[in-house]
Amino acid sequence: MRLFTLLPLLWLPFVFGGCDADSGTADAFETVDAIDITDALLTSQNANCATYVEAYRADATDLAENRAYEGALTIETDGATCTFTSNAIPNHDFNDAGSFATQVSTQNQVYTITAMPDFAATRTTLSLDYDNAVLLNGVKVDLLAAGCYGVGNGHSGCHDMDTPWRYDPMGTVHFGTDAHNAHTQPDGTYHYHGNPKALFDDTDGSAPSPVIGFAADGFPIFGTYFRDDTGTVRKAESSYQLKSGTRPDGPGGTYDGTFVDDYAYVEGSGDLDACNGMIVDGAYGYFVTDGYPHMLGCFTGTPDASFRKR
């Protein structure tokens, strides 16, 4: 792993294209003077998305398929917004367990966020209608599963957000994720369901974690560590707590984190608010947490329409 500070406000040209059907390598786009972030560990804590304007590339391998890919990401700004354009290939190897239902394929993802995020009058709940965030390697975050207990095979088809007992992909049921808590959607899009286990060192508590991406509402996403009011650097703790006892209906059994309904937000029980965020050094941001909801619990600001799923 290499320590890496994303450089500010330097635009370099970047052209996207497809993927060779045999090798998986990106053969139709050029990465002109793009910065290589393969396996990079980020260091910047700047909460302004315009700080990261740049062109980036990375090498990645599907370990189970022994296929090589090239990741591509550009970030640009017009001052009011930042636009992330990527082919959705990460900056690290993936699919170590060979459990993906579909093979990874390059995409043409374009997300726009406000460069000046603000608190909305009301929070926006997470749903299957919106992607949640884009990280600084160009891979999206899509935390919720489309699987609920008692709906089909439990892994898909549950699109009504009022349906109880929705599975948590980070829970006890295996959703075919790799070592980076990610897998593919039916179209081959690689995406994270929790801690990406990349971009920052979640075992090093010597300093606060860097910004690793931005939520759909424009607020930054930090790694796990922050400096508290006593000056101590420690992991941010979620304020969602596992319920005690047994489930009253549905799957029954003891609350064990299999379902999102197994958790309840208990204000003040941790560091973070209901959306899994807090203000540190004057800037609001979301934090990666070891426990539920893993990265975001809701949107504090207003998510941009570019994150709405087609």
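I counted 21 aromatic pairs in the structure. Rings of Phe, Tyr and Trp (its six-membered ring) pair if their centres lie within 6.5 Å; planes under 30 degrees apart are stacked, over 60 edge-to-face, the rest tilted.

The model is predicted, so local features need pLDDT of at least 70 and side-chain atom pairs pLDDT 80 or more, while totals for chains, interfaces and linings use all residues. Numbering runs from 1 along each chain as its sequence is written, and side-chain values use heavy atoms, without hydrogens or water.

I looked up Phe119 and Tyr284 next. Their pair is edge-to-face, 5.2 Å centre to centre with 80° between the planes. It links distant parts of the chain, 165 residues apart. Phe119 sits in the loop between strand E7 (109-114) and strand E8 (124-125), Tyr284 in strand E20 (residues 283-287). Strands (E, at least two residues) are DSSP runs, numbered from the N terminus.

I checked burial too. Buried means under 20% relative accessible area, exposed over 50%, partly exposed in between (1.4 Å probe, protein chains only). Phe119 is partly exposed at 42%. Tyr284 is buried at 7%.

Tyr284 also pairs with Phe219: centres 5.0 Å apart, planes at 70°, so edge-to-face. Phe219 lies in the loop between strand E13 (211-215) and strand E14 (220-222), 65 residues from Tyr284. Phe219 is buried at 5%.

Last entry: Tyr69, Phe94, Phe100, Tyr190 and Tyr192 form one aromatic cluster.

Notes
Helices (H or I, at least four residues) and strands (E, at least two) are DSSP runs, numbered from the N terminus.
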